[in-house]
Amino acid sequence: MTRKKILTCLMLVVGFGLAGYLLYHTFREHSVSEIVESVRAIPTVNLLAALGFAFGSYLCLTGFDWTGVRYVKNGLPYPKIALASFVSLSIGQSVGLAGLSSGALRYRYYAHWGMSTEDIAKIVLLSGVTVGIGMAVLSGIVLVLNPGDAAAVLHLREGVIVGIGIACLAATAGYLALAAFVRAPLKIRSWTFRMPVLKIAIAQVVIGTLNFALVSACLREVMAASADVSYLKAATAFVLANLAILITHAPGGLGVLEATVRHVMGDAASIGSLVAFRVIYFFIPLFIGLPLSLIVEAVFRVRKAKRQSQDGLSLSEVAPAQNLV
């Protein structure tokens, strides 16, 4: 086993251990029956709305890959892009280490459709940039408009929080400026990155921000069933939870998301709402993505076998002809 694999396995073990501790710490005061009843108390209309927002988010996530594919100037049809994006991210976001797990699945699909390793790496990289931009914009908005909650959690002055929010928005504006005026590759040590054209950069900002806004709406919808929760407060809790997830690297944010949201929202974040959010946004897509990935893999194998069979027949037809000559 290579050092990279050992490190990856170690990170997963530590991540799952941390997730288990945080889940226990968050839910230890509640029995299974209490959690079930708390979920059942959420009205059906709220659950359906949350499902709708989750669907919209995963639709936006396909736009992450779409911008990446267009960035490498490939004409791959959108249905194939959407398939690769949904399968890879529905699994990667739940398993954890999304950059590695979803990247491996993307490589499998895009390579099968004829893309080079370099182009696939660029697609994954640009998708990651879109994630960062989307989170930066939403963070900037909520930190500027609602600095109080973030200041209480991070133990910083509200003025500092507002400054961080402005910096997030300024960084996004700087990215757009680079896309508009810089065409030469940017070099940072041995790393080289060519900026996308302005049209793609704007698409990244819009799609990335809309994605996280929809996830926040999904979270707010399940919490609004038991308390009067504003969208801005729910979005703030989601932003801070993602910051904690980035620091801990817990698989799928398991435990970290629940603990952070509960810390920010207090009693407004009922146990049922947290469980419902994880089921709707993570588990349901995972249970769709896993069998779908197996079906796609089976189709790939059948097509590969057919091609090999056809190539074998072609060679067998050529051989007698060569013998006659």
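This dialogue reads the fold and one surface feature of a predicted model.

Q: How many helices and strands are there in the protein?
A: The protein has 12 helices and two strands.

Q: Where do the strands fall when the elements of the protein are read from the N terminus on?
A: The order is α-α-α-α-α-α-α-α-β-β-α-α-α-α, with the strand pair set between helices.

Q: What share of the contacts in the protein with a separation of 6 or more comes from residues 24 or more positions apart?
A: Such residues account for 70% of those contacts.

Q: What percentage of the residues of the protein count as buried?
A: The cut-off is under 20% relative accessible area. Of the 325 residues, 42% count as buried.

Q: Which residues make the nonpolar surface patch?
A: A patch takes residues with over 30% relative accessible area. Here Leu48, Leu51, Val279, Phe283, Ile284, Phe287 and Ile288 make a nonpolar patch of about 610 Å².

Q: Which helices each supply at least two residues of the nonpolar patch?
A: They are α3, spanning 44-71, and α12, spanning 271-324. The most comes from α12, which gives five residues.

Notes:
Residues numbered from 1 in each chain as written. Predicted model: local features only at pLDDT ≥ 70, side-chain atom pairs only at ≥ 80, totals over all residues. Heavy atoms only, no water. Helix = DSSP H or I, 4+ residues; strand = E, 2+ residues; numbered from the N terminus. Buried < 20%, exposed > 50% of the residue type's maximum accessible area, 1.4 Å probe, protein only. Contact = heavy atoms within 4.5 Å. Patch = residues over 30% accessible without salt bridge, like charges linked within 9 Å, V, L, I, M, F, W, Y side chains within 5 Å. Areas by Shrake-Rupley, 256 points an atom, 1.4 Å probe, with all protein chains shown as cover. Salt bridge = Lys/Arg side-chain N within 4 Å of Asp/Glu carboxyl O.
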